[in-house]
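Subject: Handover of a structural model

Dear colleague,

Please find below the sequence and structure that I am handing over to you. My notes on what was found follow directly after them.

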Amino acid sequence: MSAENTAARPFGARLAEAVAERGPLCVGVDPHPELLRSWGLPVDASGLERFALTATEALAGSVAVLKPQSAFFETYGSAGIAVLERVLATTRQAGALLLLDVKRGDIGSTMAAYTDAYLADGAPLAVDAITVSPYLGFGSLEPALAKARSTGRGVFVLARTSNPEGHTVQRARDSSGTTVAQSVVDAAARYNAGAEPLGDVGVVVGATVGPGEVRLDTFNGPVLAPGFGAQGATAEDVRRVFGAGLRGLLPASSRDVLRHGPSPDALLSAARRAADSLAAILPSS
Ligand SMILES: O=c1ccn([C@@H]2O[C@H](COP(=O)(O)O)[C@@H](O)[C@H]2O)c(=O)[nH]1
């Protein structure tokens, strides 16, 4: 499952396998300063390292996907990026897939450089998948989509985000009445056409959004659903928004698991409770 050695197997296939083995819960590693303080750690690079490695060591052997939030590592400059590299190495060894939440998006030529940073074999920050923003135009993501496909990696395109500020842009409609969010999902679906069991191009749709806002019934890629836990969405909400049988659904929770640290056992128990609440309500997961 290592992000260093993925060339032969498509991301969608590796993800489907990981979820079948470990369940759909994706846990985020978000070293918020408040969480560092609540764990009794200093808010500096040494505290970041203790926090991030404790969480990773506790969780990466159990969850299908671990999602470090790049922003909280970048805060500490090169020392923070060095910690992120250790998180990536530790996660690979423990067998979870790595989704780096980094929300990149730029003109095509710069997007190609981001692609080399995160989706190229041998790059220091190579991961299994990244989050990307389509708001410079879906076509500007082409370098990332092409590299992901050729190296067995994935991308998750922001479609309908979990935050309330996303409504105005993402629910805007074009002349045919299609929302921006739906047009992102439809563009991603075209890249996944014919892929089995899942394509490599995922979308991000928050677990906090209204049911039916985005049609996913014919979408055959992974769907990252942040907002489960600290942002208020429950397992019941996940079912209400996505239904019980959506293939490739990855409900994601960060703070609601991490607040149980620093005990590794308590972190693992919190992740298991979250996973059990989903399993009770999404029987096919
Ligand atoms: O629509 C989105 C896209 C990404 N996120 C990210 O997910 C986590 C959520 O953390 P919680 O502590 O579970 O609220 C965070 O890294 C966000 O940047 C999102 O929330 N919504």
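In these notes, helices and strands are DSSP runs, numbered from the N terminus, where a helix (H or I) has at least four residues and a strand (E) at least two. Lys103 lies in such a strand, β3. Please keep in mind throughout that this is a predicted model.

Backbone geometry

Most residues other than glycine have a negative phi, and most peptide bonds are trans. Lys103 counts as partly exposed, because 17 C-beta neighbours lie inside 10 Å and the partly exposed class falls between the limits of 12 or fewer for exposed and 20 or more for buried.

Two peptide bonds may interest you as well. The bond from Glu196 to Pro197 is cis, with omega near 0 degrees, and Pro197 has its place in the loop between α9 (180–192) and β6 (201–205). The bond from Gly261 to Pro262 is also cis, with omega near 10 degrees. Pro262 is located in the loop between α11 and α12 (264–281).

Surroundings of the ligand

Which residues are closest to the ligand? Of the 19 residues that surround the ligand, the closest are Thr161, Ser162, Pro226, Ser254 and Arg255. Two elements give two or more residues to this shell, namely β8 (249–253) and α11 (255–258). By class, the shell consists of 11 polar, 4 charged and 4 nonpolar residues.

Ser162, one of those closest residues, belongs to the loop between β5 and α8 (167–170). Ser162 is buried, since 20 other C-beta atoms lie within 10 Å. Leaving aside residues up to four places away in sequence, Ser162 touches Gly206, Ala207, Thr208, Pro226, Gly227 and Gln231. The C-alpha atoms of Ser162 and Val209 are separated by 6.4 Å, while the two residues are 47 residues apart along the chain.

Helix α1

Helix α1 covers residues 11–22, and its 12 residues reach 16 Å from the first C-alpha to the last, close to the 16 Å expected at 1.5 Å a residue. Its buried residues are Phe11, Gly12, Arg14, Leu15, Ala18 and Val19. Seen down the axis of α1, these buried residues fall within an arc of 160 degrees, so they line one face of the helix. Ala20 and Glu21, on the other side of α1, are exposed. The partners against which the buried residues of α1 pack are β2 (65–68), β3 (97–104), β4 (129–132), α7 (142–151) and β5 (154–160). After α1 comes Gly23, which has a positive phi near 90 degrees.

Helices α6 and α7

Two packed helices are described by the angle between their axes and the distance between the axes. For α6 (residues 108–118) and α7, the axes come within 7 Å and cross at roughly 35 degrees. On the α6 side the contact is made by Gly108, Met111, Ala112, Tyr114 and Thr115, and on the α7 side by Glu142, Pro143, Ala144 and Lys147. By class, this contact has 5 nonpolar, 2 polar and 2 charged residues.

Within α6, Met111, Thr115 and Tyr118 are buried. They cover an arc of only 80 degrees around the axis, which puts them on the same side of α6. Ser109 and Ala113 are exposed on the other side of α6. The buried residues of α6 pack against β3, β4 and α7.

In α7, the buried residues are Ala144, Leu145, Lys147, Ala148 and Thr151. The elements that cover them include α1, α6, β4, β5, α9 and β6. Gly152 follows α7 and has a positive phi, near 75 degrees.

Not counting residues up to four places away in sequence, Leu48 touches Pro31, Phe73, Tyr76, Gly80 and Val83. Between the C-alpha atoms of Leu48 and Phe219, which are 171 residues apart along the chain, the separation is 37 Å.

Kind regards

Note on methods. Residues numbered from 1 in each chain as written. Predicted model: local features only at pLDDT ≥ 70, side-chain atom pairs only at ≥ 80, totals over all residues. Near = placed C-beta within 6 Å. Nonpolar A, V, L, I, M, F, W, Y, C, P; charged D, E, K, R; others polar. Expected span 1.5 Å × (residues − 1). Arc of directions from axis to C-beta. Contact = placed C-beta atoms within 7 Å. Axes fitted to C-alpha atoms, helices over the stretch in contact; angles between N-to-C directions.
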